Amino acid sequence: MSATRAEAIKRYPKLGQLIAGEMRYDRGGSTIEVIDPTTGLALGAVPMATEADVDESLAAASKGFDIWRKTSAFERSNLMRKVADRLREKAETLAELLVLELGKPWREALGEVDVAAGMWEWAAEEGRRAYGRVIPSREQGARQLVLVEPIGPVAAFVTWNGPLVTPSRKMSGALGAGCSIVLRASEEVPACALALGQIVYECGLPTGVLSVMSGDPVMMSGKLLESPVTRAVTFTGSTDVGKLLSQQAVAHMKRPIMELGGHAPVLVFDGIDVQEFAKRAVAAKFANSGQVCFAPTRFYVQRSLYGDVVEAMTNEAKQIVVGCGFDPKTQMGPLKSERRRSAIEQLIEDARQRDLRVTTGGRRIDRPGFFYEPTIVADATTEARLSNAEPFGPIAAMTPFDTYEEAITLANRLPYGLGAYVHARDFETLHRATNDLEAGNVICNGWRVTYPETPFGGYKESGMFSEGGIEGLRAFQNVKYASLS
Ligand code: NAD
C-alpha cells in the first residue's frame with residue numbers, strides 16, 4: 001500500500017557518502033540539492049566527494065579486492081542472496097525513495113525493486129559458475145588449464161533513470177565476479193544507491209569492497225580511471241559521455257563496459273491486432289515517462305494499417321493518467337528535471353516547424369514539477385530532430401513504410417543499436433528482421449527487454465559488452481591460461 005507523499009517526504013533520509021563501508025555525513029564540503037520532480041522542490045542535499053574521499057575509496061577497493069577475491073564463490077553467493085531477500089523485505093521503503101526522487105508511479109517503483117532483487121539473485125547463482133576448462137595437451141603429462149578470475153577493482157558510473165536497478169546491475173555483476181567496486185551515484189537520485197550500499201554491508205560484505213558516493217563527474221572519472229588500482233570501468237549514460245570515458249579508460253588500458261543511449265525502432269507489419277498492439281505499445285512507451293534507454297521511440301508502420309495504428313495509439317495515450325506517483329490512479333509521473341522537459345519541448349517545437357502532426361500531447365502540464373503530456377507525433381520525416389536525437393521522454397514518433405527493406409533501412413539508419421521491436425504475424429518476417437536489425441536486443445511480438453538472466457547490451461554507438469546474463473559477469477572477469485608440466 002503506497003504511503004502518502006507527506007509521510008514519505010518526512011522519511012527521506014539524510015544523505016551521505018558510503019566510503020569503505022562507513023556512512024559519513026556533514027563533511028563540511030560542497031553539497032548538491034536533490035530535486036523532487038513532482039514539485040520542483042528540494043528533498044535534501046547530497047555531499048559531494050572530495051579528491052581525498054576518492055583516494056580513500058580507491059585504497060579501500062584495493063584492500064577489499066584482496067579479501068573478496070579470496071572469499072569463496074559459495075560465501076559470496078550466500079551474501080548476495082541475502083541482499084536479494086533484504087531488498088524484497090524493504091520493497092516499500094525503497095519504492096518510496098524511487099517515487100520521491102524519480103517521480104515514477106508506485107506500482108512501477110515496486111516493480112523496479114523486484115527487478116533489482118532478481119539481479120542480485122541471478123549474480124549470486126551465476127557467480128558460483130565461473131567455470132574454467134582443461135585443454136588436452138600436446139605434451140605428455142602436461143595439464144593445460146583455462147581459469148576465470150575477477151578482473152580487479154571496478155569504477156562504476158550511473159545515470160538517474162533507474163536509481164535502484166542500474167546500481168544493482170553494476171554492483172551485483174562486479175561483486176558476483178569477485179571484484180570490489182567504487183560507484184559514483186547520480187547526484188540527482190542518490191538515496192537508492194546509498195540505501196542499496198548499506199543493505200549490502202548489513203548482509204555482511206567485508207569492509208572496503210564497496211564504496212558509493214556522488215561527486216564532480218570529471219574529477220571522479222579522472223581519478224578513478226587514472227588510478228592503477230582500478231581495472232575496469234562500467235558506465236550507464238549517454239553515448240557522448242560514454243565515448244569520453246571509453247577514451248580515458250583505453251588510455252589507461254582499463255576495460256570499458258559501456259551501456260549507452262538508444263532510439264529504439266518498432267517495425268509494425270500487417271496482420272497484427274491493432275487495438276491490442278496500441279494498448280501494449282503505449283504502456284511500454286510511456287513507462288518511466290519514456291525515460292528508458294530501450295523505450296520504443298520510432299514506430300515504423302506498414303502503410304495499410306498506419307492510420308489505424310496512429311489513431312489507436314493516440315486514443316490510448318489520451319487516457320493515460322498523469323500525476324503524482326503516490327496517487328494509486330497515476331500511470332505516468334513527471335520527467336526527472338527541467339533539463340529533460342526543455343529537451344522534449346525543443347523536439348516538439350522542431351516537429352511543429354516541420355508541420356508534423358502532433359496527434360495528442362505536445363505541451364507541458366500546468367502544475368508544479370516537471371510534467372509533460374504523453375505525446376504522439378505522426379508523419380515523422382527522417383529530417384525531423386525527434387527521428388534522430390534520442391528523445392528519452394514521453395514522445396512516440398510515427399512513420400509509414402511500404403516495403404520490408406524500407407522498414408529495415410529506416411530502423412538501422414541511426415548510429416544507435418540498443419533495443420528494436422518487431423510486431424508481425426508471419427514467422428518469415430520475424431525471422432528475417434531478427435537477423436537484419438542492428439541492435440543488441442530484438443524483441444518480437446513483445447515489449448519486455450531485460451531479465452536478470454538475459455544479456456543486455458548495445459550494438460554500434462549504444463555500447464560495449466553486456467550486463468545481465470552470463471555475459472554480465474564475464475565482463476568483469478579475466479581469462480587466464482595456465483600450463484602445469
Ligand atoms: P549523461 O551521460 O549526460 O550522464 C550520465 C551520468 O554521467 C550523470 O550522472 C553525469 O553526471 C555523469 N557524467 C557526466 N560526465 C561525466 C564524466 N566525464 N565522467 C563520469 N561521469 C560523467 O546521461 P543522462 O542524460 O543523464 O542519461 C540519459 C542517457 O543514459 C540516455 O542516453 C540513455 O539512453 C542512457 N541510458 C542507457 C542505459 C543502458 O543501459 N544502455 C540505461 C539507462 C540510460
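A salt bridge is taken here as a side-chain nitrogen of Lys or Arg within 4 Å of a carboxyl oxygen of Asp or Glu. By this rule the count comes to 30 salt bridges. The structure is a predicted model, in which local features need pLDDT of at least 70 and side-chain atom pairs count only at pLDDT 80 or more, while totals for chains, interfaces and linings use all residues. Residues are numbered from 1 along each chain as its sequence is written, and side-chain values use heavy atoms, with hydrogens and water left out.

The protein is divided into domain 1 (5-260 + 462-484) and domain 2 (264-451), with bounds that come from an automatic or database domain assignment. To the contact (heavy atoms within 4.5 Å), domain 1 gives 27 residues and domain 2 gives 31 residues. A distance of 30 Å separates the C-alpha centres of domain 1 and domain 2. Between them the domains bury about 2,100 Å², of which 56% is on carbon and sulfur atoms; buried area is the accessible area (1.4 Å probe) that two parts lose on being put together, summed over both.

Across the interface of domain 1 and domain 2, one salt bridge is found. Glu-188 and Arg-339 form a salt bridge in which the closest N and O atoms are 2.8 Å apart. The interface of domain 1 and domain 2 also has 11 residue pairs in polar contact, both residues being at pLDDT 80 or more. A polar contact is a pair of N or O atoms within 3.5 Å; within protein, one must be able to donate a hydrogen and the other to accept it, and residues adjacent in sequence count only if both atoms are side-chain atoms.

On the side of domain 1 that touches domain 2, at least two residues each come from helix H1 (5-11), helix H4 (91-102) and helix H5 (106-126). Helices (H or I, at least four residues) and strands (E, at least two) are DSSP runs, numbered from the N terminus. H4 supplies the largest share of this side, five residues. The residues of this side comprise 12 nonpolar, seven polar and eight charged, where Ala, Val, Leu, Ile, Met, Phe, Trp, Tyr, Cys and Pro count as nonpolar, Asp, Glu, Lys and Arg as charged, and the others, Gly among them, as polar.

Glu-96 and Arg-11 meet through their side chains in a salt bridge (2.7 Å, N to O). Glu-96 lies in helix H4 and Arg-11 in helix H1, so this pair ties together parts that are 85 residues apart in sequence. Glu-96 is buried, at 9% relative accessible area, whereas Arg-11 is partly exposed at 49%; buried means under 20% relative accessible area, exposed over 50%, and partly exposed in between (1.4 Å probe, protein chains only).

A further salt bridge joins the side chains of Glu-202 and Arg-86 (3.3 Å, N to O). Because Glu-202 lies in helix H7 (residues 190-202) and Arg-86 in helix H3 (residues 73-89), the pair ties together parts 116 residues apart in sequence. Arg-86 is partly exposed, with a relative accessible area of 27%. Arg-184 forms a salt bridge with Glu-187, with 2.8 Å between the closest N and O atoms, and Arg-184 is buried at 7% relative accessibility. A network of salt bridges links Glu-338, Arg-341, Glu-345 and Arg-364.

Asp-36 is located in the loop between strand S3 (31-35) and strand S4 (42-47) and is buried, at 1% relative accessibility. Apart from neighbours within four places in sequence, Asp-36 is in contact with Arg-5, Ile-9, Leu-41, Leu-43, Leu-100 and Phe-370.
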